[in-house]
Amino acid sequence: MASSTPVIIVPGWRDSGPGHWQTLWADRLPGARRVRQDDWITPSRAAWVRTLGETIEAAGAPVVLVAHSLGCMAAVHLPSDLRDRIQGALLVAPADPERRAVLSDFAPAPCERLPYRSILVASSNDPFCPIRLAGAYARSWGSEFVRLQDAGHINVESGHGEWPLGLALLQSLAGDLALGQAATPHPVSSTQE
(Lines give C-alpha, C1' and ligand atoms only; values in the text may rest on other atoms or scores of the structure.)
Protein backbone atom coordinates (compact mmCIF):
# COMPACT_ATOMS: atom_id res chain seq x y z
CA MET A 1 0.00 0.00 0.00
CA ALA A 2 1.41 3.37 -0.94
CA SER A 3 2.32 5.79 1.81
CA SER A 4 -0.36 8.17 0.51
CA THR A 5 -3.16 5.81 1.57
CA PRO A 6 -5.33 7.75 4.02
CA VAL A 7 -5.96 6.41 7.50
CA ILE A 8 -9.42 7.21 8.83
CA ILE A 9 -9.85 7.18 12.60
CA VAL A 10 -13.39 6.07 13.55
CA PRO A 11 -14.10 6.75 17.26
CA GLY A 12 -16.83 5.00 19.17
CA TRP A 13 -19.68 6.10 21.40
CA ARG A 14 -18.89 9.38 23.23
CA ASP A 15 -15.76 9.90 21.06
CA SER A 16 -12.17 9.09 21.98
CA GLY A 17 -10.93 11.80 24.29
CA PRO A 18 -7.48 13.12 25.22
CA GLY A 19 -4.91 10.42 25.82
CA HIS A 20 -6.87 7.75 23.91
CA TRP A 21 -4.70 5.95 21.38
CA GLN A 22 -7.04 7.04 18.56
CA THR A 23 -6.56 10.70 19.50
CA LEU A 24 -2.79 10.27 19.73
CA TRP A 25 -2.65 8.48 16.39
CA ALA A 26 -4.86 11.10 14.69
CA ASP A 27 -2.37 13.76 15.78
CA ARG A 28 0.71 11.83 14.70
CA LEU A 29 -0.10 9.77 11.62
CA PRO A 30 0.61 11.68 8.41
CA GLY A 31 -2.60 12.48 6.58
CA ALA A 32 -4.86 10.78 9.14
CA ARG A 33 -8.47 11.93 9.11
CA ARG A 34 -10.76 11.65 12.10
CA VAL A 35 -14.49 11.10 11.77
CA ARG A 36 -16.45 13.80 13.60
CA GLN A 37 -20.00 12.77 14.40
CA ASP A 38 -22.71 15.36 15.07
CA ASP A 39 -24.05 13.44 18.05
CA TRP A 40 -21.64 11.37 20.14
CA ILE A 41 -24.14 10.72 22.98
CA THR A 42 -27.27 9.38 21.26
CA PRO A 43 -25.88 7.72 18.13
CA SER A 44 -27.99 7.05 15.08
CA ARG A 45 -26.77 4.33 12.73
CA ALA A 46 -27.92 6.22 9.62
CA ALA A 47 -26.17 9.43 10.71
CA TRP A 48 -22.95 7.70 11.83
CA VAL A 49 -22.69 5.61 8.66
CA ARG A 50 -23.43 8.67 6.51
CA THR A 51 -20.71 10.74 8.24
CA LEU A 52 -18.20 7.90 7.95
CA GLY A 53 -19.12 7.49 4.28
CA GLU A 54 -18.61 11.20 3.62
CA THR A 55 -15.19 11.02 5.28
CA ILE A 56 -14.24 8.04 3.10
CA GLU A 57 -15.46 9.78 -0.06
CA ALA A 58 -13.57 12.97 0.82
CA ALA A 59 -10.35 10.98 1.09
CA GLY A 60 -10.53 10.32 -2.65
CA ALA A 61 -8.47 7.12 -2.48
CA PRO A 62 -8.70 3.67 -0.92
CA VAL A 63 -8.49 4.07 2.86
CA VAL A 64 -7.55 2.11 5.94
CA LEU A 65 -10.05 2.36 8.80
CA VAL A 66 -9.03 2.38 12.44
CA ALA A 67 -12.27 1.87 14.36
CA HIS A 68 -12.95 1.53 18.07
CA SER A 69 -16.06 0.25 19.84
CA LEU A 70 -19.23 1.60 18.17
CA GLY A 71 -17.02 2.91 15.35
CA CYS A 72 -16.53 -0.75 14.39
CA MET A 73 -20.29 -1.14 14.05
CA ALA A 74 -20.54 1.98 11.88
CA ALA A 75 -17.76 0.57 9.66
CA VAL A 76 -19.40 -2.82 9.14
CA HIS A 77 -22.77 -1.20 8.36
CA LEU A 78 -21.31 0.71 5.39
CA PRO A 79 -23.04 0.04 2.06
CA SER A 80 -21.14 -2.02 -0.52
CA ASP A 81 -20.23 0.96 -2.75
CA LEU A 82 -18.31 2.49 0.18
CA ARG A 83 -16.80 -0.83 1.25
CA ASP A 84 -15.13 -0.94 -2.17
CA ARG A 85 -13.12 2.15 -1.14
CA ILE A 86 -11.64 0.43 1.91
CA GLN A 87 -8.29 -1.29 1.64
CA GLY A 88 -8.21 -2.61 5.20
CA ALA A 89 -9.58 -2.11 8.70
CA LEU A 90 -8.32 -2.38 12.25
CA LEU A 91 -11.45 -3.07 14.32
CA VAL A 92 -10.74 -2.67 18.04
CA ALA A 93 -12.98 -3.60 20.98
CA PRO A 94 -16.21 -3.78 18.98
CA ALA A 95 -19.41 -2.76 20.70
CA ASP A 96 -22.30 -5.07 21.44
CA PRO A 97 -25.25 -2.89 20.40
CA GLU A 98 -27.71 -5.36 21.88
CA ARG A 99 -26.31 -4.89 25.42
CA ARG A 100 -26.95 -1.13 25.71
CA ALA A 101 -30.25 0.48 24.74
CA VAL A 102 -28.56 3.69 23.56
CA LEU A 103 -26.64 1.67 20.94
CA SER A 104 -29.53 -0.52 19.81
CA ASP A 105 -29.95 1.31 16.49
CA PHE A 106 -26.76 -0.48 15.38
CA ALA A 107 -28.25 -3.95 16.03
CA PRO A 108 -28.15 -6.46 14.62
CA ALA A 109 -24.53 -6.51 13.55
CA PRO A 110 -24.07 -7.56 9.91
CA CYS A 111 -22.93 -11.16 9.48
CA GLU A 112 -21.40 -11.10 6.01
CA ARG A 113 -17.71 -11.33 5.21
CA LEU A 114 -15.98 -7.99 4.68
CA PRO A 115 -14.50 -7.53 1.18
CA TYR A 116 -11.18 -6.23 2.51
CA ARG A 117 -8.54 -7.42 4.95
CA SER A 118 -9.48 -6.73 8.56
CA ILE A 119 -8.02 -7.39 11.98
CA LEU A 120 -10.36 -7.53 14.95
CA VAL A 121 -8.77 -6.97 18.36
CA ALA A 122 -10.73 -7.82 21.49
CA SER A 123 -10.08 -8.30 25.19
CA SER A 124 -10.97 -11.23 27.41
CA ASN A 125 -12.52 -8.85 29.96
CA ASP A 126 -14.05 -6.07 27.85
CA PRO A 127 -17.06 -4.85 29.87
CA PHE A 128 -18.87 -3.79 26.69
CA CYS A 129 -18.50 -6.90 24.51
CA PRO A 130 -18.01 -10.51 25.63
CA ILE A 131 -14.97 -12.18 24.04
CA ARG A 132 -17.16 -14.93 22.56
CA LEU A 133 -19.22 -12.35 20.71
CA ALA A 134 -16.08 -10.59 19.46
CA GLY A 135 -14.84 -13.96 18.18
CA ALA A 136 -18.17 -14.53 16.44
CA TYR A 137 -17.88 -11.11 14.80
CA ALA A 138 -14.37 -11.97 13.60
CA ARG A 139 -15.53 -15.27 12.09
CA SER A 140 -18.55 -13.77 10.32
CA TRP A 141 -16.61 -10.76 9.01
CA GLY A 142 -13.60 -12.87 7.92
CA SER A 143 -11.31 -10.87 10.22
CA GLU A 144 -8.04 -12.01 11.69
CA PHE A 145 -8.72 -12.28 15.42
CA VAL A 146 -6.32 -10.95 18.04
CA ARG A 147 -7.38 -11.80 21.58
CA LEU A 148 -5.80 -9.75 24.36
CA GLN A 149 -5.81 -11.02 27.92
CA ASP A 150 -7.36 -8.67 30.51
CA ALA A 151 -7.03 -5.52 28.37
CA GLY A 152 -10.43 -4.05 29.26
CA HIS A 153 -12.06 -1.90 26.59
CA ILE A 154 -8.64 -1.08 25.09
CA ASN A 155 -8.96 2.59 25.96
CA VAL A 156 -7.50 5.13 28.38
CA GLU A 157 -9.36 3.66 31.36
CA SER A 158 -7.74 0.28 30.74
CA GLY A 159 -4.27 1.81 30.45
CA HIS A 160 -3.93 2.06 26.68
CA GLY A 161 -2.33 5.34 25.65
CA GLU A 162 0.00 5.08 22.66
CA TRP A 163 -0.77 1.35 22.32
CA PRO A 164 2.28 0.12 20.36
CA LEU A 165 0.72 -3.29 19.61
CA GLY A 166 -2.17 -1.58 17.84
CA LEU A 167 0.25 0.50 15.82
CA ALA A 168 2.11 -2.66 14.80
CA LEU A 169 -1.19 -4.22 13.70
CA LEU A 170 -2.02 -1.11 11.72
CA GLN A 171 1.43 -1.30 10.12
CA SER A 172 0.69 -4.89 9.08
CA LEU A 173 -2.47 -3.66 7.34
CA ALA A 174 -0.93 -0.53 5.90
CA GLY A 175 2.26 -2.05 4.51
CA ASP A 176 4.76 0.68 3.80
CA LEU A 177 2.64 3.45 5.26
CA ALA A 178 5.02 5.73 7.12
CA LEU A 179 3.82 4.99 10.63
CA GLY A 180 6.94 4.28 12.59
CA GLN A 181 8.47 7.70 13.04
CA ALA A 182 5.23 9.62 12.85
CA ALA A 183 3.59 7.72 15.66
CA THR A 184 6.58 7.36 17.94
CA PRO A 185 6.23 9.49 21.05
CA HIS A 186 8.47 12.50 21.18
CA PRO A 187 11.72 11.63 22.90
CA VAL A 188 12.01 12.78 26.48
CA SER A 189 15.26 14.44 27.29
CA SER A 190 16.60 13.69 30.68
CA THR A 191 19.05 15.92 32.39
CA GLN A 192 20.61 15.21 35.69
CA GLU A 193 21.50 18.05 37.95
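Q: Where is Pro108 found, and what kind of peptide bond joins Ala107 and Pro108?
A: Pro108 is found in the loop between E4 and E5, and the bond that joins Ala107 to Pro108 is a cis peptide bond, with omega at about -5 degrees. This is a predicted model, in which local features need pLDDT of at least 70 and side-chain atom pairs count only at pLDDT 80 or more, while totals for chains, interfaces and linings use all residues. Residues are numbered from 1 along each chain as its sequence is written, and side-chain values use heavy atoms, with hydrogens and water left out.

Q: How many helices and strands does the protein have, and what pattern does it follow along the sequence?
A: The secondary structure comes to seven helices and six strands, and, read along the sequence, the pattern is β-α-β-α-β-α-α-β-β-α-β-α-α. Contact means heavy atoms within 4.5 Å; among contacts between residues at least 6 apart in sequence, 74% join residues at least 24 apart.

Q: What share of the 193 residues is made up of buried residues?
A: A residue is buried under 20% relative accessible area, exposed over 50% and partly exposed in between (1.4 Å probe, protein chains only). By that reading, buried residues make up 51% of the 193 residues in the protein.

Q: Which residues have the most contacts inside the largest nonpolar core?
A: In soluble globular proteins, nonpolar side chains tend to be buried together. A nonpolar core is a set of buried Ala, Val, Leu, Ile, Met, Phe, Trp, Tyr and Cys residues joined through side-chain atoms within 4.5 Å. The largest one here has 38 residues, and those with the most contacts inside it are Ile8, Leu52, Leu65, Met73, Leu91 and Trp141. At least two residues of this core come from each of strand E1 (7–10), helix H2 (45–59), strand E3 (63–68), helix H3 (70–76), strand E4 (86–92), strand E5 (117–123) and helix H5 (131–141), and H3 gives the most, with six residues. Another core lies apart from it and has 22 residues, among them Leu29, Val66, Val121 and Leu167.

Q: Is Ser118 buried or exposed, and which residues does Ser118 touch?
A: Ser118, found in strand E5, is buried, with a relative accessible area of 1%. Not counting residues up to four places away in sequence, Ser118 touches Ala89, Leu91, Trp141, Gly142, Ser143 and Glu144.

Q: How far does H2 reach from its first C-alpha to its last, and which of its residues are buried?
A: The expected span of a helix is 1.5 Å times one less than its number of residues. H2 has 15 residues and reaches 21 Å from its first C-alpha to its last, close to the 21 Å expected. An α-helix has 3.6 residues a turn, so residues three or four places apart point the same way. The buried residues of H2 are Trp48, Val49, Thr51, Leu52, Gly53, Thr55, Ile56 and Ala59, and they pack against E1, strand E2 (33–34), E3, H3, helix H4 (80–83) and E4. Gly60, whose phi is positive and near 70 degrees, follows H2.

Q: How many aromatic pairs does a search of the whole structure find?
A: Rings of Phe, Tyr and Trp (its six-membered ring) pair if their centres lie within 6.5 Å; planes under 30 degrees apart count as stacked, over 60 as edge-to-face and the rest as tilted. The search finds six such pairs. The rings of Trp21 and Trp163 have their centres 4.9 Å apart and their planes at 55 degrees, so this pair is tilted. The pair links distant parts of the chain, 142 residues apart, with Trp21 in helix H1 (residues 21–28) and Trp163 in the loop between strand E6 (144–148) and helix H6 (164–174). Both Trp21 and Trp163 are buried, and together with Trp25 they form one aromatic cluster.

Key:
Helices (H or I, at least four residues) and strands (E, at least two) are DSSP runs, numbered from the N terminus.
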